[in-house]
Amino acid sequence: MSFINKLKNKFKQNEKEEEVSKKYQEGMTKTRNSFSSKINDLIARYRKVDEDFFEELEEVLITADVGVTTVMDLVEELKMEVKRQNIKDTNGIKDIISEKLVEIYYGEDQAEIEKLNIQEQGLSVILVVGVNGVGKTTSIGKLAHQLKQEGKQVILAAGDTFRAGAIEQLEVWGERAEVDVIKHNAGSDPAAVIFDAIKAAKSRQADVLICDTAGRLQNKVNLMNELSKVKRVIEREIPNAPHEVLLVLDATTGQNALSQAKTFSEVTNVSGIVLTKLDGTAKGGIVLAIRNELHIPVKFVGLGEQVGDLQQFDANAFVYGLFADLGTEANAE
């Protein structure tokens, strides 16, 4: 049985997993349509697995924004596997590509890398960073809603004080998710807001505090200094916090998202990525580039506009969403 069909059967055995896999399939339509058509075209033109085939495969993967370094790693792995299994026909390589993508994503880690680091006792602090316009505040609202649904008491800190709209937007999400928002006036010191939010979260015995932050990358030095100051306040008030530093990136920006990840990870020890607008891009391969080149797990992906469309990342569901059409064709053959 092919790897894709194994995944299909795995998802069918669990109603919740099947629902998640459907969301990935629907949310990754643009990437899959682009990727599948190119892979199918490549296989139709090349009956034999040779060097020319691998060169064109590299181009297909790079245009999906898998990233040059990741593509080179993947192609080397594929060449070794093709040689090991003595595969001559290009049809036989579809399945190996999908399997190797999952292997490359996880490496020696387990699936647990995608889970949030929520403390069993005491307050968990999640610091959310990212440039303006990537969907940071919306992601915070959706995450607050999810955690509230799980029975957690959540508080939000409106730490993006330089944009009045950000405070108001967070308040709207707070009302929607039915969680409290700690705020100061626009232009206030972000670190002071976070300090007060920690005090409020402790006194109300909250389970999770999610902190919004400014995202004006046009003055990078000031922004990074602000983030460092906020982080110091959190560390001083709560040992071992923040428990998560989530960087929100816009999937539609492709390689630019990768450079943003490098910038933020230099000062904030980013522990996970929230990749928004994955449903709006044909370059979903950026997920693999981020993981392989920066060694930061993608913890959530945005697969739509609804409050429940922020999904915990699952590399198996992602690859299934990418290759579902190819798996269907393999069944028909």
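Leu143 lies in helix H7, residues 136-149 (helices are DSSP runs of H or I, at least four residues, numbered from the N terminus). The model is predicted: local features need pLDDT of at least 70 and side-chain atom pairs pLDDT 80 or more, whereas totals for chains, interfaces and linings use all residues. Residues are numbered from 1 along each chain as its sequence is written, and side-chain values use heavy atoms, without hydrogens and water.

Leu143 counts as buried because its relative accessibility is 4% (buried is under 20% relative accessible area, exposed over 50%, partly exposed in between; 1.4 Å probe, protein chains only). Beyond neighbours within four places in sequence, Leu143 is in contact with Leu116, Ile126, Ile210, Leu246, Phe300 and Leu310 (contact means heavy atoms within 4.5 Å). Leu143 and Ile194 are 51 residues apart in sequence; their C-alpha atoms are 18 Å apart.

The largest nonpolar core holds 113 residues (such a core is a set of buried Ala, Val, Leu, Ile, Met, Phe, Trp, Tyr and Cys residues joined through side-chain atoms within 4.5 Å). Ile210, Leu275 and Phe318 touch the most other members. Helix H13 (residues 315-332) gives the most to this core, with 8 residues. Domain 1 (3-11 + 22-112 + 321-332) and domain 2 (124-313) both give residues to this core, so it lies between them. The domain bounds come from an automatic or database domain assignment.

Val68 is found in helix H5 (residues 68-85). At 48% relative accessibility, Val68 counts as partly exposed.

Notes
Helices (H or I, at least four residues) and strands (E, at least two) are DSSP runs, numbered from the N terminus.
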